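These are my notebook entries on one protein, kept in the order in which I looked things up.

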Amino acid sequence: MKSTVARMLALAALVMLVNGCATPIEATTDFDRSYDFQKVQTLAFTPFDRTDPRTIRISDMQAERMQDDLGMALRGRGYDVIDDTARADLLVSWHLVTQERTDVRSYNSMSYYNCWRCGPAVSDVSVRQYTQGTFIVDMIDPLRNQSVWRGIIEARLQSEPDPQRRREAITAMFVGFPPN
């Protein structure tokens, strides 16, 4: 009984350690310093472009979830998200660009006898394929038809989408929006 409780406590501590060591998501942002963001009250989404072959990796359902989470985050920041792009102060456009990458790492290991002077060094090579995702959000001034704010997050994509991680990324995206 005690060993079961001890194992459960050790597992809980391991889970907390792994979660505590997770890399925080940070966005890179840029904006037009001459644009007056204080006047912005309404936002509308531009249609998601499904023709770009780099965005095919996500399904219509995932795109809808992403847009819903973006809308919720913007409403939480005090904006009115509307459907009519003609009445919006800013248009919100987003894309997820993907690229297949290879991570090659080499490691020098100790010899067969686990000491440095007992035999030849052994090199190990690790090769991993992964998908790099770049999540981009643009705020577009409809009068100028130009972007006035852009946020970018880059990360390795997982094979199974994680709704919590998606929400964390969206929250991180808007930490500096609107710019002062």
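This is a predicted model: local features need pLDDT of at least 70, side-chain atom pairs count only at pLDDT 80 or more; totals for chains, interfaces and linings use all residues.

**Entry 1: a pair within a helix.** I looked up Glu 168 and found that it forms a salt bridge with Arg 165, with the closest N and O atoms 3.3 Å apart; a salt bridge here is a side-chain nitrogen of Lys or Arg within 4 Å of a carboxyl oxygen of Asp or Glu. Both residues belong to helix H3 (residues 163-173), and because they are three residues apart there, about one helical turn separates them. I noted that helices (H or I, at least four residues) and strands (E, at least two) are DSSP runs, numbered from the N terminus. Glu 168 is partly exposed at a relative accessible area of 33%, and Arg 165 is partly exposed at 32%; the scale calls a residue buried under 20% relative accessible area, exposed over 50% and partly exposed in between, using a 1.4 Å probe and protein chains only.

Residues are numbered from 1 along each chain as its sequence is written, and side-chain values use heavy atoms, with hydrogens and water left out.

**Entry 2: pairs across the chain.** How many salt bridges does a search of the whole structure find? I got seven. One of them joins Arg 144 to Asp 32, with the closest N and O atoms 2.8 Å apart. This pair links distant parts of the chain, 112 residues apart: Arg 144 is in the loop between S5 and strand S6 (146-157), and Asp 32 is in the loop between strand S1 (28-31) and strand S2 (42-45). Arg 144 is partly exposed at 35%, and Asp 32 is partly exposed at 21%.

Next I checked Asp 138 and Arg 150, whose side chains meet in a salt bridge at 2.7 Å, N to O. Asp 138 is in strand S5 and Arg 150 in strand S6, twelve residues apart. Is Asp 138 buried or exposed? Asp 138 is buried, at 6%, whereas Arg 150 is partly exposed, at 34%.

**Entry 3: the largest pocket.** I then turned to the largest pocket, which has a volume of about 840 Å³ and is lined by 27 residues, with Arg 156, Leu 157, Gln 158, Pro 161 and Arg 165 nearest its centre. A pocket is found on a 1 Å grid over the protein atoms alone, as an open set of points where a 1.4 Å probe fits, with protein on both sides within 12 Å along at least five of seven lines; lining residues have an atom within 4 Å of a point. Which element gives the most to this lining? I found that S6 does, with five residues.

**Entry 4: the surface and the whole.** Val 104, Val 125 and Val 127 make a nonpolar surface patch of about 290 Å²; patch residues have over 30% relative accessible area and no salt bridge, like charges being joined within 9 Å and nonpolar side chains (Val, Leu, Ile, Met, Phe, Trp, Tyr) within 5 Å. Accessible areas come from the Shrake-Rupley method with a 1.4 Å probe. Val 125 is in strand S5 (residues 122-141) and is exposed at 59%. Finally, I noted three helices and six strands in the protein, and that buried residues make up 33% of its 180 residues.

How values were computed. Grid points are joined across faces, edges and corners, and a volume is the space filled by probe spheres set on the points.
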